[in-house]
Amino acid sequence: MSGHAARTAIADVVCLGESMVTFLPSQPGRLADVPAFGRGIGGAESNVACALAASGHRAKWVGRVGADGFGDHLVEAIAAYGVDTTAVRRDPDRPTGVYFRTATDRATDTHEVAYYRAGSAASAMSPQNVPYEDVLSGRVLHLSGITAALSSDCLDLLNDLTAPRDARPLVSFDVNHRPGLWRDGGAGPRVLLGLARRCDLVFVGEDEAEEAWGVMGAEAIRAALPEPGVLVVKRGADGVTVFARTDGGPEGGEPDAATGDTVTDVPSLRVDVVAAVGAGDAFAAGFLSATLRGLPVRERARHGHLMAAAVLTVPGDLTAPPPRAHADRLAALDDGAWGTLRLGPGWTAADGANEEVRVT
């Protein structure tokens, strides 16, 4: 994390954003046909905080919830993962957001989500009511484009947090382009591009970059986002491409003489998917965890894939990560062995001999 002023860190990562109570379907099908829902928690930034805390890092979530039972549940459930929730503020006038979703993959046409978040407590976050002493206290500040879409006050907050400042933590940004959240659909892509260009570490999917900015391919995305020191382009089943400033030292890939980047391609794992939700947040958490530990870029991306695989092999958005020693062993495999791995339900408890970690 060279280039960022030394500071006394009370957290490894601070995650700021909206968390909501999620109602998960009891069976597949249209929302109109699902007879019952189970209660969970959902929110890109709080998901990252929970995964990092469960991995042994000091994680803080900063958000705003209603002074209601759903707010109580969110704070208690997130804290149960080991996340510091002392900076969460309660709003006496606005409710905690909730949403219902179907069991299908978000990327499919049959996926439905019904949000009840307009006027939520989180949408009232602003530079005037968020505790900056907490937000800026970590080694890393993790944000996402979802927050920017919630309200003009939230956008003001993200613009302020991504602006240059003395002793700024490393700012991590997941683009998370959600067209349905933007009241003015044309503004969202421009806003997200501007925010991403002011951050230090950016996560973006090839598909969302094409949808938002009309750019195709990892190299074109890097050309659109030349400023971040590290850019992670997620290519779905094909893996990720990581562009990293070399700063005079190799990061595990091939240096690009024209841009000064080291470019590292890391294939995805083969995973027996139980539910295709939460993988993006889990990948970010795994990558950030390895970044905090100072691991090379290839291992950072592999830890991202492993954390994503942990979530993909369970029904919900959150799960216990693999033990660090076990994940380190898998992340250190040579390319041939990595390419033969296949992970299924239960693999996170494996000690290397578990049948759910299969070499094929």
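**Helix crossing and burial**

Biologist: How many disulfides does a search of the whole structure find?
Modeller: The search of the whole structure finds 0 disulfides, a disulfide being a pair of cysteine sulfur atoms within 2.5 Å. This is a predicted model, in which local features need pLDDT of at least 70 and side-chain atom pairs count only at pLDDT 80 or more, while totals for chains, interfaces and linings use all residues. Residues are numbered from 1 along each chain as its sequence is written, and side-chain values use heavy atoms, with hydrogens and water left out.

Biologist: What makes C154 buried or exposed?
Modeller: C154 has a relative accessible area of 0% and is therefore buried, since buried means under 20%, exposed over 50% and partly exposed in between, with a 1.4 Å probe and protein chains only. C199, at 3% relative accessibility, also counts as buried.

Biologist: Why is A167 called partly exposed?
Modeller: The relative accessibility of A167 is 31%, so it counts as partly exposed. A167 sits in the loop between α5 (152-161) and β10 (170-174), and its phi is near 55°, a positive value in a residue other than glycine.

Biologist: Why are α1 and α9 called oblique to each other?
Modeller: The axes of α1 (residues 44-54) and α9 (residues 279-292) cross at roughly 45° and come within 8 Å. Angles under 35 degrees count as roughly parallel, over 145 as roughly antiparallel, 65 to 115 as roughly perpendicular and the rest as oblique, and α1 and α9 are therefore oblique to each other. The contact (heavy atoms within 4.5 Å) is made by A44, N47, V48, A51 and L52 of α1 with D281, A284, A285, L288 and S289 of α9.

Note on methods
Axes are lines fitted to C-alpha atoms, for helices over the stretch in contact, and angles run from 0 to 180 degrees between N-to-C directions. Helices (H or I, at least four residues) and strands (E, at least two) are DSSP runs, numbered from the N terminus.
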